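Visitor: Please show me the structure, and then I will ask about it piece by piece.

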Amino acid sequence: MAVAGRGGRGTALLLRALSAPRPWPPAGARCIHEGPDTIEELLDRHLVKKPAAGPDEESVEARRRLASSRREALALYRDILRAARLFAWPDDRGVPWREVLRANARREFEEARGEGDPEVVARLLIGGRDSVQQALDRLADASRRAIEAEEAKRRGGA
């Protein structure tokens, strides 16, 4: 019983302390209901605003795009050189196709080197990727047909 009596007095003191008037809101604080009327106003007030892109930031962005395009162009050029290794047979003049393909790739990349328009560069890169893929697909189809013809000849002759 003694414990219950103490708990009763403690509870009464706690209730009295909670019911005592307190200054609300604390000095300098703002309540949410006194805030902005819309979400946009709230965001405008509390988010750090990014300043408009100045000449330095525009040049940094242009360099980043250029570096990305340069990286993609170099990757495409390496892929062309790797794919050209597969074309070992000679053309009508006796020059191996891999040399012809390498020379044409080099010439086309040199012609496009000074291109500054990002849309044109992107179009060139996409076209180059597509051309390499089509050439490899045709080579795979021709190799498959040659293997099938050789197997058919072997079966027919045996």
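**Surface, helices and pocket**

Visitor: What does the accessible surface of the protein chain come to, and what share of it belongs to carbon and sulfur atoms?
Guide: The model is predicted, so local features need pLDDT of at least 70 and side-chain atom pairs count only at pLDDT 80 or more, while totals for chains, interfaces and linings use all residues. Residues are numbered from 1 along each chain as its sequence is written, and side-chain values use heavy atoms, with hydrogens and water left out. Accessible areas come from the Shrake-Rupley method with a 1.4 Å probe; for residues, only the protein chains shown count as cover. The surface comes to about 13,500 Å², and the share of carbon and sulfur atoms is 58%.

Visitor: In what order do the elements of the protein chain run?
Guide: Helices (H or I, at least four residues) and strands (E, at least two) are DSSP runs, numbered from the N terminus. The protein chain has five helices and zero strands. From the N terminus on, the order is α-α-α-α-α.

Visitor: How many residues line the largest pocket?
Guide: A pocket is an open set of points on a 1 Å grid over the protein atoms alone, where a 1.4 Å probe fits and protein lies on both sides within 12 Å along at least five of seven lines; lining residues have an atom within 4 Å of a point. Helices α3 (55-84), α4 (97-111) and α5 (118-157) each supply at least two lining residues. Among those nearest the centre are Leu 76, Glu 108 and Leu 125, and the lining residues number 36.

Visitor: How far apart in space are Pro 118 and Ala 62, C-alpha to C-alpha?
Guide: Pro 118 lies in helix α5. In sequence, Pro 118 and Ala 62 are 56 residues apart. In space, C-alpha to C-alpha, the distance between Pro 118 and Ala 62 is 9.4 Å.
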